[in-house]
Amino acid sequence: MSRAGYHSPRREQAAAATREAILDAARELFASQGYGRTTMGQIASAARVAANTVYTSVGGKPQVLLAIIEEGTGDPTAAETIEAVGRTTDPAEVIRLTAGGVREVSERHAQTVAILLDSVRDDSAADEIHGEAQRQFRQALDRCVLRLEELGALEPGEEGRASDVFWYLFGFASWRTLITDLGWTWDEAERWLAQRCIDALLPRRGRRR
């Protein structure tokens, strides 16, 4: 067997474990002291690997941040929520399912979201990563807005406004303001944001509580 065609499961597992250790270390450092103040040497030290290993396993600091963010944007709950939204015929339930799905992902990856929002001011590469994460998030929310349109739940010409309302209420900033800054529980925030979206977008005759 040629060495080029040989794959060692043990080596692959070790490489995956090393990558996970690096990302875990970086996540904790980014959260505790900020993206801008964290050095690659600190990440390597916290992960107990050589500095060069961080570069070969993940990449430079922007790539490390991107890998952390991708763990959140790749959460399967997002796809599951879109599927559930596609099955319901109740416009209010579309909104409640959206709020619930976004809440679940946001709560599970709260530390990652905080790192993303805090890193924007520190580095132009981080700002680009934030912009891409925001674009992907809005695209997912727009799938839920499209379902409201398919159900005839939106007033004519309101599709663009509905997209903005979804982002305003369910985007990164709203959850952080309510949970982190104001001390609401996740349950309280989910219910309140869902109801505000229903009030803003659905005609009263189309609401089912």
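**Ground rules.** I am working on a predicted model, where local features need pLDDT of at least 70, side-chain atom pairs count only at pLDDT 80 or more, and totals for chains, interfaces and linings use all residues. Residues are numbered from 1 along each chain as its sequence is written, and side-chain values use heavy atoms, with hydrogens and water left out.

**Overall build.** I looked up the secondary structure and got eleven helices and zero strands. Helices here are DSSP runs of H or I with at least four residues, strands are runs of E with at least two, and both are numbered from the N terminus. Read from the N terminus, the order is α-α-α-α-α-α-α-α-α-α-α. Along the principal axes, the C-alpha atoms fill a box of roughly 65 × 45 × 30 Å.

I then checked burial: 42% of the 209 residues are buried (under 20% relative accessible area, with exposed being over 50% and partly exposed in between, for a 1.4 Å probe and protein chains only). For contacts (heavy atoms within 4.5 Å) with a separation of 6 or more, residues 24 or more positions apart account for 69%.

The accessible surface came out at about 11700 Å², and carbon and sulfur atoms hold 49% of it. That area is from the Shrake-Rupley method with a 1.4 Å probe, and for residues only the protein chains shown count as cover.

**Helix H9.** I picked H9, residues 159–170, which has twelve residues. Its first and last C-alpha atoms are 16 Å apart, close to the 16 Å expected at 1.5 Å a residue (the expected span is 1.5 Å times one less than the number of residues). Which residues of H9 are buried? I noted Ala162, Ser163, Val165, Phe166, Trp167, Leu169 and Phe170. Their cover includes helices H6 (91–108), H8 (124–150), H10 (172–181) and H11 (186–201).

**Cysteines.** I searched for disulfides (a pair of cysteine sulfur atoms within 2.5 Å) and the count was zero.

**Ser106.** I found Ser106 in helix H6. Ser106 is buried, with a relative accessible area of 13%. Setting aside neighbours within four places in sequence, I see Ser106 in contact with Trp175 and Trp186.

**Arg48.** I flagged Arg48 for a positive phi of about 60 degrees although it is not a glycine. Arg48 sits in the loop between helix H2 (40–47) and helix H3 (51–57). Is Arg48 buried or exposed? Arg48 counts as exposed, at 79% relative accessibility.

**Gly59.** My last stop was Gly59, in the loop between H3 and helix H4 (61–73). Gly59 is buried, with a relative accessible area of 10%. Leaving out neighbours within four places in sequence, Gly59 is in contact with Met40, Val54 and Val64. For Met40 I also noted the spacing to Gly59: 19 residues apart in sequence and 9.9 Å in space, C-alpha to C-alpha.
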